[in-house]
Structures are given as structure tokens and as C-alpha cells.
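Please look through the sequence and the model shown here before reading on.

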Amino acid sequence: MAGIILLTVLLMSVTGGMSTENSGQITTQKSEVITTPVPEFPIQVDIAFLLDGSGSVSGEDFMRIKAFVKGLIRSFLGKDTQFAITQYSSSTVTHYFFNSFKKTEDDLEPQIKTIRQLTGGTRTAAAIREVVDDVFSPLKGSRSNAKKILIVITDGESQDRGNLQSAINSADNKKIARFAIGVGNAFSSYRATEELRTIASQPAENFMFKVGSFDALDKIRDSLQDKIFSIEGGISTEKAVQMTTQNSGELTV
């Protein structure tokens with residue numbers, strides 16, 4: 001049976017009608033507290049990571065990407081959350097689907113460690129399309145009632161930019177929320193930043209990050225985690241609104 005949250009409703013009964021100020025006096029108010037049980041339903045979340053493994057990413061920086069992913073996954077262990085990890089360059093390789101990634105602390109380190117960098121070009125649009133069509137699939141463990149989240153980490157512009165909007169439209173059709181993380185100096189240009197905005201869900205300011213180097217990825221992890229929590233619904237509505245306000249605006253580190 002689902003857990004129970006007590007929803008507290010404060011009803012104000014006002015003496016003589018609405019509270020007004022008359023001859024320097026303010027009418028008094030009486031309060032009555034009523035508690036109503038509200039069922040707490042578990043929220044399912046499927047999170048897919050799409051990692052840039054192109055040749056422009058150094059081997060050391062790719063290790064930093066993996067460490068970032070590992071830390072973010074660790075923060076969700078114990079929740080009803082599934083993970084998939086895909087890497088892209090000139091081609092796209094899914095290392096773990098939702099039904100093959102093991103969600104235990106003991107398995108986390110060795111699973112991430114086995115991922116080897118592809119090197120090559122940067123075909124971001126093709127990679128997003130493959131994740132949308134193949135990874136977010138019931139045959140690969142994607143759940144129909146789960147919140148769907150895609151986290152894209154890239155270090156520059158795609159080489160198949162002309163196909164990007166079509167891939168994003170497919171993601172929107174499946175209601176996949178997308179966080180776009182741009183790393184490096186490439187995103188100091190308007191063109192690269194606009195591509196990042198296209199990848200991100202709308203409003204893009206709430207779903208995109210720019211960091212100057214892979215060293216800085218850890219600096220955005222808490223903010224990204226909070227944003228995912230607000231989508232997940234694992235916090236109160238009031239807190240989610242607060243975080244949307246606090247974290248709104250493109251975050252650059």
C-alpha cells in the first residue's frame with residue numbers, strides 16, 4: 001500500500017466577513033486545521049546519458065565525463081530510477097540499455113570502467129535519434145509510465161546539424177526531457193550555443209549548462225540533480241517552484 005502524506009489545509013474564518021481595518025482596529029481571524037490523507041505514489045524515472053566520445057575529447061577528459069556520470073547515478077541509487085548509457089562520435093554505441101544496467105553500488109564502478117572512448121567525428125543528431133528510437137524502447141526496458149530524461153554531454157558542434165531538429169522533434173513526441181551540457185571554448189560562439197539550445201528542452205534556459213572545461217563538470221552536478229529531482233516529482237511542489245526560480249537562466253561555469 002502506498003505511503004501516506006498528511007496534507008494540511010488552513011481554513012480561515014473571519015469575524016464579520018473579510019479582514020479589514022476599521023477605526024484603527026483589525027478584525028480577528030480564527031483558524032481551523034484539517035488534515036486529509038493523500039496517497040504518496042512512487043515516481044518512475046528513466047535517465048539516458050549520451051556521451052561525446054569524439055576525437056576532440058582527450059582521453060583524460062573522457063575519464064572526467066565517466067566520473068561525472070558515475071557520481072550522478074550514485075545520487076539516484078535506491079530510487080525507482082533506471083539508467084542507460086550511450087556514447088557517440090562518427091557512430092553511436094549503447095553500452096547499457098535500461099534493462100541491462102545494474103543499479104547497485106557494487107556494480108556501478110565496474111560497469112562505468114568498461115566504457116572505452118570511441119574517438120572520431122561528432123554526429124550528435126544521429127546519436128539523439130538512435131537513443132530516442134532504440135534506447136527509449138519497451139524492448140530495451142524503457143517504461144511507458146516513467147518520466148523520460150536524456151542528458152547530452154558534448155564538446156562542440158555536430159557534423160550533422162541539418163538533421164538535429166528532426167531528432168529533437170522525435171524526442172518531443174516521446175515526451176523526453178533533455179538536458180544539454182556544453183563543455184569547452186567551442187560554446188563561446190553564438191552558433192554552438194544555439195545548437196545547445198536546440199538540443200535542450202524548452203525553455204532552454206532551464207535545461208542547458210555551459211562549462212569551460214571538463215574539470216568543471218562537478219560544479220554543475222548538484223544543480224542538475226536538483227532539476228532532475230523537480231522533474232521526478234520526488235519533492236514538494238513548492239520546493240520545485242523554488243528551484244525552478246533559483247536555477248532558471250543558462251548556467252555557465
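## A residue in the interior

Ile 151 has a relative accessible area of 0% and is therefore buried, where buried means under 20% relative accessible area, exposed over 50% and partly exposed in between, with a 1.4 Å probe and protein chains only. Ile 151 belongs to strand β8 (residues 147-154); helices (H or I, at least four residues) and strands (E, at least two) are DSSP runs, numbered from the N terminus.

When neighbours within four places in sequence are left aside, the contacts of Ile 151 are Ile 47, Ala 48, Phe 49, Leu 50, Leu 72, Phe 179, Ile 181, Leu 224 and Ile 228, a contact being heavy atoms within 4.5 Å.

## Basis of the report

The model is predicted, and local features need pLDDT of at least 70, side-chain atom pairs count only at pLDDT 80 or more, and totals for chains, interfaces and linings use all residues. Residues are numbered from 1 along each chain as its sequence is written, and side-chain values use heavy atoms, with hydrogens and water left out.

## Two enclosed strands

Strand β6 (residues 81-88) is largely enclosed by the rest of the structure, because eight of its eight residues are buried. Thr 81, Phe 83, Ile 85 and Gln 87 point one way from β6, Gln 82, Ala 84, Thr 86 and Tyr 88 point the other way, and all are buried. Strand β5 (residues 45-52) runs parallel to β6 and is joined to it by eight bridges, two strands being paired if DSSP finds at least two bridges between them. Within this pairing, Ile 47 has Phe 83 of β6 as its bridge partner.

Strand β10 (residues 208-211) is also covered on both faces, with Met 208 and Lys 210 buried on one side and Phe 209 and Val 211 buried on the other. Strand β9 (residues 176-183) and β10 run parallel and are joined by four bridges, and Val 211 in β10 stands opposite Val 183.

## Helices that pack together

Two packed helices are described by the angle between their axes and the distance between the axes. Axes are lines fitted to C-alpha atoms, for helices over the stretch in contact, and angles run from 0 to 180 degrees between N-to-C directions. Helix α1 (residues 59-74) packs against helix α2 (residues 105-113) at an angle of about 160 degrees, with axes 10 Å apart. The contact involves Lys 66, Val 69, Lys 70, Ile 73 and Arg 74 of α1, together with Glu 105, Leu 108, Glu 109, Ile 112 and Lys 113 of α2. Within α2 lies Gln 111, which counts as buried at 8% relative accessibility and, not counting residues up to four places away in sequence, touches Tyr 96, Ser 100, Phe 101 and Lys 102.

Helix α4 (residues 164-173) and helix α5 (residues 190-199) have axes that come within 9 Å and cross at roughly 25 degrees. The two are therefore roughly parallel, given that angles under 35 degrees count as roughly parallel, over 145 as roughly antiparallel, 65 to 115 as roughly perpendicular and the rest as oblique. Leu 164, Gln 165 and Ile 168 in α4 meet Glu 195, Thr 198 and Ile 199 in α5.

## The chain as a whole

The secondary structure of the chain comes to seven helices and 11 strands, and 43% of its 253 residues count as buried. Among contacts in the chain with a separation of 6 or more, 75% are between residues 24 or more positions apart.
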